[in-house]
Amino acid sequence: MKLWKTILAAAVLALAGSQAFAARTDLVIGITLEPPHLDPTAGAAAAIDEVLYANVFEGLTRIGPNGEVLPDLAESWAISDDGKVYTFKLRTGVKFHDGSDFDAGDVKFSLDRARADNSVNAQKALFAAIDTVEVVDPTTVKVTLKNPQGSFLYNLGWGDAVIVAPESADTNKEKPIGTGPFKFQSWAKGSSITLVKSDTYWGAPVFLDKAEFRIVPDAAAAVPALLSGDIQAFPFFDPDSVAQVKDDPRFKVVIGSTEGETILAINNKKPPFDKLEVRQAIAFALDRKAIIDGASAGLGVPIGSHMSPASKAYVDLTGLYPHNVDKAKELLKQAGFENGIKATLKLPPPSYARLGGEIIASQLRDVGIDLEIIPVEWAQWLDQVFTKKDYDLTIVSHTEPNDIDIYSREDYYFNYDNPAFDKIIAELNLTSDDAKRNTLLGEAQKILADDAVVGFLYELPKVGVWDAKLQGLWENAPIQANDLTKVKWAD
């Protein structure tokens, strides 16, 4: 009897020991902005994809951590010799989180919905080249384009191109249902969004059982949350707060790159900003180094047009408008505004906008442009600025990948119209040769810089801070995402 008790006690201790040393399977991630809703196919806010991309929703393709195009719900594809017909072979055994089966009909529904006349997709232009979508059989879809499009497979990897089911599409804003390795559990408005592991996932199972995205809009609250252990990771951390944690061995500080062109956006059709000289005056008034030092702790990389310096197509145009107060004043005088200009500057919540706005307002004041700063919440920015174009100037980071084509979009919030630029983008869409595409992209960058369409500031750095035992979070941000598919705690 005593021997049995001894064996039982040893077994209990062994079990307790194994549990004590087992890797954690939960994670709390800090995010700055709360998504306006949870449907990536119906909103422009980056915060939607930061929670849901690759975690809850998947597309035919996906963008990997180095910006590469990878298979996702399409396991393979064939492209016709003329580059116009894509035949996708879909994965089998895939289910949506409500238990319904995924098949070719869902792909057709999603692509047709995204490109429809009444589409509310924020990136509807991604699908403009599609002519027809045909269901060949339950596991095969044929997409015919109006013309060849070199970026088509990449476009399908955007969050805006994820596949949704017709049964749940209308309710995804509040209760997202996808095919990903995590399923939606709850959304405590103003507080957090929780995902849990999907037991029916078609691919390799994820390591985490639960991931909570905690909303922390106040940068000053992020450091205490990390130090206390309440939050274990901030994939997009406030650069100004890095100094407080960089020497703490409990954390990793990872500086990477993004696709976030940070700009002083200008309403090009609203007087006096419809005058080239006024926009050029703004460009000369901007001191990028001071803005980068003050708004991104010196970590941003200067840009002179709308392209990431990490891109092979990048052209350095930062020297076109060196900081020159006298030149800016001269241009304003030429434009007929020697007595100055009064305008508004609407600033969304991110610190790069709020801090950068104060610096830019001071710089423009020095040349005679007096700005009234108007702080707005993210939902207000999307409504007033992005949708209604009710603004003079604003600051925002465009984190979508390879998105220089936005300047050619009709009715886009910049209100920019240049047929020569549009022609280059149209040719780019027909070109698949990398060398030719890079040449065209260089020409497009030069036109935007010459026209001073916006004030080009810097490429937003990706500053990540997380528990030193955490593995698998992305160093760079080739797309606006917090991909948790490889994230785990070290044993």
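Is the crossing of H7 and H9 left-handed or right-handed? The crossing is right-handed. Please keep in mind, as you read on, that this is a predicted model.

1. **How H7 and H9 pack.** Let us stay with this pair for a moment. Two packed helices are described by the angle between their axes and by the distance between those axes. Here, helix H7 covers residues 288–295 and helix H9 covers residues 351–365; the angle is about 145°, and the axes lie 9 Å apart. You can find the meeting place by colouring a few residues. On the H7 side, look for Ala 290, Ile 291, Gly 294 and Ala 295. They meet a set in H9 made up of Tyr 352, Leu 355, Gly 356, Ile 359, Ile 360 and Gln 363.

2. After the helix comes Ala 452, with a positive phi near 45°.

3. Which residues of H12 are buried? They are Arg 437, Leu 440, Leu 441, Gly 442, Ala 444, Gln 445, Ile 447, Leu 448 and Ala 449. Notice that an arginine and a glutamine, Arg 437 and Gln 445, are in this list. The buried residues of H12 pack against H11 and against strand E18 (455–459).

4. **A closer look at Asp 422.** Helix H11 (residues 419–429) contains Asp 422. This residue counts as partly exposed because its relative accessibility is 26%, which falls between the cut-offs of 20% and 50%. Leaving aside residues up to four places away in sequence, Asp 422 touches Tyr 407, Ser 408 and Asp 417. Asp 422 and Arg 409 are 13 residues apart in sequence, with their C-alpha atoms 8.4 Å apart in space.

5. How many salt bridges does the structure hold? There are 19. One of the pairs is Lys 270 with Asp 392, whose closest N and O atoms are 2.9 Å apart. Lys 270 sits in the loop between strand E13 (261–266) and helix H6 (276–285), while Asp 392 sits in the loop between helix H10 (378–387) and strand E17 (393–398), so this pair ties together parts that are 122 residues apart in sequence. Lys 270 is partly exposed at 32% relative accessibility, whereas Asp 392 is buried at 8%.

6. Arg 250 forms a salt bridge with Asp 248, and the closest N and O atoms are 2.8 Å apart. Arg 250 is partly exposed, with a relative accessible area of 43%, but Asp 248 counts as buried at 17%. In another pair, the side chains of Asp 383 and Lys 388 meet in a salt bridge at 3.4 Å, N to O. Asp 383 is partly exposed at 34%, and Lys 388 is exposed at 55%. Finally, have a look at Lys 108, Asp 112 and Arg 115, which are linked in a network of salt bridges.

Key: Residues numbered from 1 in each chain as written. Predicted model: local features only at pLDDT ≥ 70, side-chain atom pairs only at ≥ 80, totals over all residues. Heavy atoms only, no water. Helix = DSSP H or I, 4+ residues; strand = E, 2+ residues; numbered from the N terminus. Buried < 20%, exposed > 50% of the residue type's maximum accessible area, 1.4 Å probe, protein only. Contact = heavy atoms within 4.5 Å. Salt bridge = Lys/Arg side-chain N within 4 Å of Asp/Glu carboxyl O. Axes fitted to C-alpha atoms, helices over the stretch in contact; angles between N-to-C directions. Left-handed = near helix turned anticlockwise from the far one by under 90°.
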